[in-house]
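Keep the structure open in your viewer as you read.

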Amino acid sequence: MDLDFKIIGNDICIKLRGEIDEYSARSLRADIDKLIEAQGFRTMTFDMKDVTFIDSTGLGLVLGRYKKLKQQRAELLLKNIPTQVDKVFRTSGIYSFVPIVK
């Protein structure tokens with residue numbers, strides 16, 4: 001799993017690539033948490049365009065970052081959701097509290 005990010009002011013966009021599963025979620029969680037703790041972001045956007053697979057562990061990764069950001073009065077946003085990822089997200093109900101942006 002790869003991630004690239006771009007910081008613009010108080011906002012960060014993280015581009016995720018590949019599979020988000022039990023194996024990759026550990027390192028992603030650590031990398032993203034370092035960014036959250038080091039910066040005072042207003043919004044964090046996960047660009048999911050190049051994610052090829054996500055399972056319940058990946059969903060947990062997203063939900064955990066949502067909670068962590070919420071504690072800091074920041075917002076998590078999602079964009080470019082592939083069909084397979086969308087199915088998992090819709091089933092989970094995540095869209096009721098994590099918005100999709102263009």
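Arg65 counts as buried, with a relative accessibility of 7%; buried here is under 20% relative accessible area, exposed is over 50%, and partly exposed is in between (1.4 Å probe, protein chains only). You'll find Arg65 in helix α2, residues 56–71. Helices (H or I, at least four residues) and strands (E, at least two) are DSSP runs, numbered from the N terminus. A quick word on ground rules: this is a predicted model, where local features need pLDDT of at least 70 and side-chain atom pairs count only at pLDDT 80 or more, while totals for chains, interfaces and linings use all residues. Residues are numbered from 1 along each chain as its sequence is written, and side-chain values use heavy atoms, with hydrogens and water left out.

So who sits around Arg65? Setting aside residues up to four places away in sequence, Arg65 touches Arg29, Ile32, Asp33, Ile36, Phe46 and Gly60, a contact being heavy atoms within 4.5 Å. Ile7, on the other hand, is 58 residues from Arg65 along the chain, and their C-alpha atoms are separated by 17 Å.

Follow the contact to Phe46 and you meet another list of partners. Ignoring neighbours within four places in sequence, Phe46 is in contact with Ile14, Leu16, Ile32, Val62, Arg65, Leu76, Leu77, Leu78 and Lys79. Phe46 also belongs to the largest nonpolar core, which has 27 residues; Phe46, Ile14, Leu16, Met44, Met48 and Phe89 are those with the most contacts inside it. Such a core is a set of buried Ala, Val, Leu, Ile, Met, Phe, Trp, Tyr and Cys residues joined through side-chain atoms within 4.5 Å. The elements giving two or more residues to this core are β2, α1, β3, α2, β4 and α3. As a rule, nonpolar side chains in soluble globular proteins tend to be buried together.

Now for the strands. Strand β2 (residues 11–20) pairs with β3 in the parallel sense, over 9 bridges; pairing takes at least two bridges found by DSSP between two strands. Look for Glu19 opposite Phe53 in β3. Between β2 and β3 the chain crosses through helix α1 (residues 22–38), and this β-α-β crossover is right-handed. That handedness is judged with the strands pointing away from the viewer: the path from the first strand over the helix to the second runs clockwise.

In the loop between α2 and β4, Arg73 has a positive phi of about 60° although it is not a glycine. Arg73 counts as exposed, at 78% relative accessibility. The loop between β4 and α3 holds Asn80, a residue other than glycine with a positive phi near 55°. Asn80 is partly exposed, with a relative accessible area of 36%.

That brings us to helix α3 (residues 83–92), where Val85, Asp86 and Phe89 are buried. Looking down the axis of α3, these buried residues fall within an arc of 100°, so they line one face of the helix; the arc is that of the directions from the helix axis to the C-beta atoms. What covers them includes β3 (43–54), α2 and β4 (75–79). On the other side of α3, Thr83, Lys87 and Thr91 are exposed. After α3 comes Gly93, with a positive phi near 85°.

Finally, the rings: the structure holds 2 aromatic pairs. Rings of Phe, Tyr and Trp (its six-membered ring) pair if their centres lie within 6.5 Å, and planes under 30 degrees apart count as stacked, over 60 as edge-to-face and the rest as tilted. Tyr66 and Phe97 form a tilted pair, 4.9 Å centre to centre with 50° between the planes. This pair links distant parts of the chain, as Tyr66 is in helix α2 and Phe97 is in the segment after α3, 31 residues apart. Tyr66 counts as buried at 17% relative accessibility, whereas Phe97 is partly exposed at 36%. Phe89 and Tyr95 have ring centres 6.0 Å apart and planes at 90°, so that pair is edge-to-face. Phe89 itself counts as buried, at 0% relative accessibility.
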